[in-house]
Amino acid sequence: MKRASPAEWGFSVQAVPAFPIGEDGTTSVHPVVGYNYLSIDGGHDNLYQVGAQLRSSMVDSPFWFGGEVAYDRFSSSTDHVDYEEDPWNGFSVGGLFGYELDTSFAPSSLFGSLSYLRFGGQDFDGIPGEGCDAWLFRLGFEVQPDLFNR
């Protein structure tokens, strides 16, 4: 089993356009494409994600909640060395919550998410490896340009 440090910090950049569904406008589906950079001692981890979110707003409230599923691709790089670990493929599933801010330029939210990640094992010199489990916790700020309701 691959072991990582107990906690890593980093940043994330995601494109998450919104497509409202239903007549009341409180539910939306969001395709997701994202990159997460996680710092480790002597290097960094790269986590690429492609998936979807389903979100629902609470009626007459700025709070929203939802879920996310994604295909993930993970790799580690060591600083100052021309070595990068072969990528691991996997999936993630998780929940998210947010608070919509009252802004005039575009819908914006503060959000948090917690996802469970599972990666399949890799072969190392012909020996099959075990998988890897991890948790990804994110706190952030997002801007949702109103591109599809014009």
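The legends below describe close-up views of a predicted model.

**View 1. A nonpolar patch on the surface.** Nine side chains are named here: Met-58, Phe-63, Phe-65, Phe-97, Tyr-99, Phe-105, Leu-110, Phe-141 and Val-143 form a nonpolar patch on the surface. Together these residues have about 900 Å² of accessible area. Strand S5 (63–78), strand S6 (88–101) and strand S10 (132–143) are the elements that give two or more residues to the patch.

**View 2. Phe-105, a patch residue in a loop.** Phe-105 belongs to the nonpolar patch and lies in the loop between S6 and strand S7 (108–119). Phe-105 counts as exposed because its relative accessibility is 59%, and the cut-off for exposed is over 50%.

**View 3. The largest nonpolar core.** Seven residues make up this core: Leu-47, Phe-74, Trp-88, Leu-117, Phe-119, Cys-132 and Leu-136.

**View 4. Leu-47 and its contacts.** Leu-47 is one of the core residues. Leaving out residues up to four places away in sequence, Leu-47 touches Phe-74, Leu-117, Phe-119 and Leu-136, among others. Its contacts also include Gly-34, Tyr-35, Asn-36, Asp-72 and Arg-73.

**View 5. Asn-46, a buried residue in strand S4.** Asn-46 is found in strand S4 (residues 43–57). With 7% relative accessibility, Asn-46 counts as buried. The side chains of Asn-46 and Tyr-35 are joined by a polar contact of 2.6 Å. Apart from neighbours within four places in sequence, Asn-46 is in contact with Tyr-35, Asn-36, Arg-73, Phe-74, Ser-75 and Ser-77.

Terms used
Residues are numbered from 1 along each chain as its sequence is written. This is a predicted model: local features need pLDDT of at least 70, side-chain atom pairs count only at pLDDT 80 or more; totals for chains, interfaces and linings use all residues. Side-chain values use heavy atoms; hydrogens and water are left out. Patches are made of residues with over 30% relative accessible area and no salt bridge: like charges are joined within 9 Å, nonpolar side chains (Val, Leu, Ile, Met, Phe, Trp, Tyr) within 5 Å. Accessible areas come from the Shrake-Rupley method with a 1.4 Å probe; for residues, only the protein chains shown count as cover. A salt bridge is a side-chain nitrogen of Lys or Arg within 4 Å of a carboxyl oxygen of Asp or Glu. Helices (H or I, at least four residues) and strands (E, at least two) are DSSP runs, numbered from the N terminus. Buried means under 20% relative accessible area, exposed over 50%, partly exposed in between (1.4 Å probe, protein chains only). A polar contact is a pair of N or O atoms within 3.5 Å; within protein, one must be able to donate a hydrogen and the other to accept it, and residues adjacent in sequence count only if both atoms are side-chain atoms. Contact means heavy atoms within 4.5 Å. A nonpolar core is a set of buried Ala, Val, Leu, Ile, Met, Phe, Trp, Tyr and Cys residues joined through side-chain atoms within 4.5 Å.
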